[in-house]
Amino acid sequence: MKQLFTRLTYLVLLCFCLSVILEMYDGGDVTINSVKLATTLFSIFILRLRTFINTSSAFVIFGILGFLTLPITSKSESYFQVLGVDLLEHALIIVLPFIVYLWKSGIFNTEKSLNYLRVAFGITFIGHGIYASGLVVAPTQFIYILSFFSNSKELNDLALYFIFASDIIVGVGLIVHFYEWKLLLYYSFFWVAVVTLARFFSFFPKEVNFINLLDFFSIIAWRVIYILLPLVLIKKNRTI
């Protein structure tokens with residue numbers, strides 16, 4: 001299980017590397033993206049060779065990496081709202097290198113590691129729910145995905161309300177250790193699988209070429225962790 005999450009962490013980091021390289025290819029800021037790339041590669045190095053750097057230094061690098069994965073917007077009046085929601089939405093991905101590092105170092109055992117991942121997963125659900133509500137920032141990505149399947153504004157608004165309510169309930173349930181209720185875990189697995197498929201179809205490039213496929217891979221592949229984590233928790237739940 002430790003190996004599984006280690007490999008998933010590498011997949012997340014490699015996808016981020018790829019997205020940074022593609023952003024540079026499209027004319028993005030070279031300095032900022034070079035820092036992102038260097039930090040990501042250094043994080044991979046730390047996870048591979050933990051003995052060459054102490055825990056405090058590793059955490060500083062992982063913290064910088066987590067910050068660099070967050071969006072940077074030119075609209076200063078909405079920056080902190082976007083930042084806050086994105087912190088919640090990507091909680092699992094942000095804490096993943098920290099937890100895997102401690103797990104591989106023997107500081108965390110499997111039980112504690114999965115508990116922290118469960119809580120981060122719950123926070124991610126809550127972040128998605130808040131995003132879907134539109135109360136803080138406009139859920140433009142969700143609207144785009146929903147509009148890909150339906151042109152009915154009323155139906156799409158109803159879907160957003162459902163996502164808001166269900167994600168908050170699931171998120172709170174995961175955080176307060178309510179995952180012994182097997183239905184919650186099965187629902188979270190089903191829901192993230194459906195959302196991943198919806199993202200796959202709605203974001204699949206209209207013009208298929210090598211660069212577009214690489215970009216598509218970089219934003220979709222790492223989401224497999226959202227599908228596998230509920231399955232791991234389901235398996236763990238059966239052993240209780």
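I began my notebook with L214, which is found in helix α10, where a helix is a DSSP run of H or I with at least four residues, numbered from the N terminus. L214 counts as partly exposed because its relative accessible area is 23%; on this scale buried means under 20%, exposed means over 50%, and partly exposed lies in between, with a 1.4 Å probe and protein chains only. I then looked up a distance and noted that the C-alpha atoms of L214 and R118, which are 96 residues apart along the chain, are separated by 30 Å.

Before going on I wrote down how the model is to be read. It is a predicted model, in which local features need pLDDT of at least 70 and side-chain atom pairs count only at pLDDT 80 or more, while totals for chains, interfaces and linings use all residues. Residues are numbered from 1 along each chain as its sequence is written, and side-chain values use heavy atoms, with hydrogens and water left out.

**Entry on helix α8**

I looked for salt bridges, meaning a side-chain nitrogen of Lys or Arg within 4 Å of a carboxyl oxygen of Asp or Glu, and I found that the structure holds 1. Which side chains meet in it? They are those of D157 and K153, at 2.8 Å from N to O. Both residues lie in helix α8, 4 residues apart, which is about one turn of the helix. I noted that side chains of opposite charge can pair when their charged atoms come close. D157 is partly exposed, since its relative accessible area is 28%, whereas K153 counts as exposed because its relative accessibility is 57%.

I stayed in helix α8 for two further residues. S166 lies in this helix and is buried, because its relative accessible area is 9%; its C-alpha atom is separated by 9.8 Å from that of Y187, 21 residues apart along the chain. A159 also has its place in helix α8, but A159 is partly exposed, with a relative accessible area of 23%.

**Entry on the pockets**

I turned next to the pockets, where a pocket is an open set of points on a 1 Å grid over the protein atoms alone, fitting a 1.4 Å probe, with protein on both sides within 12 Å along at least five of seven lines, and where lining residues have an atom within 4 Å of a point. The largest pocket has a volume of about 1,200 Å³, a volume being the space filled by probe spheres set on the points, which are joined across faces, edges and corners. Its lining has 40 residues, and T69, D86, H90, Q141 and W222 lie nearest its centre. Which helix gives the most to this lining? I found that α1 does, with 8 residues. The lining of the largest pocket divides into 24 nonpolar, 9 polar and 7 charged residues.

The second largest pocket holds about 420 Å³ of space. It is lined by 21 residues, and those closest to its centre are F142, I163, W191, V194 and V195. Two or more lining residues come from each of α6, α7, α8 and α9, and α9 has the largest share, with 7 residues. By class, this lining has 15 nonpolar, 3 polar and 3 charged residues.

**Entry on the surface patch**

Helices α7 (140-149) and α9 (182-203) each supply at least two residues of the patch, and the largest share, 3 residues, comes from α9. I checked F201, which lies in helix α9, and noted that F201 counts as partly exposed because its relative accessibility is 49%.

Methods: Nonpolar A, V, L, I, M, F, W, Y, C, P; charged D, E, K, R; others polar.
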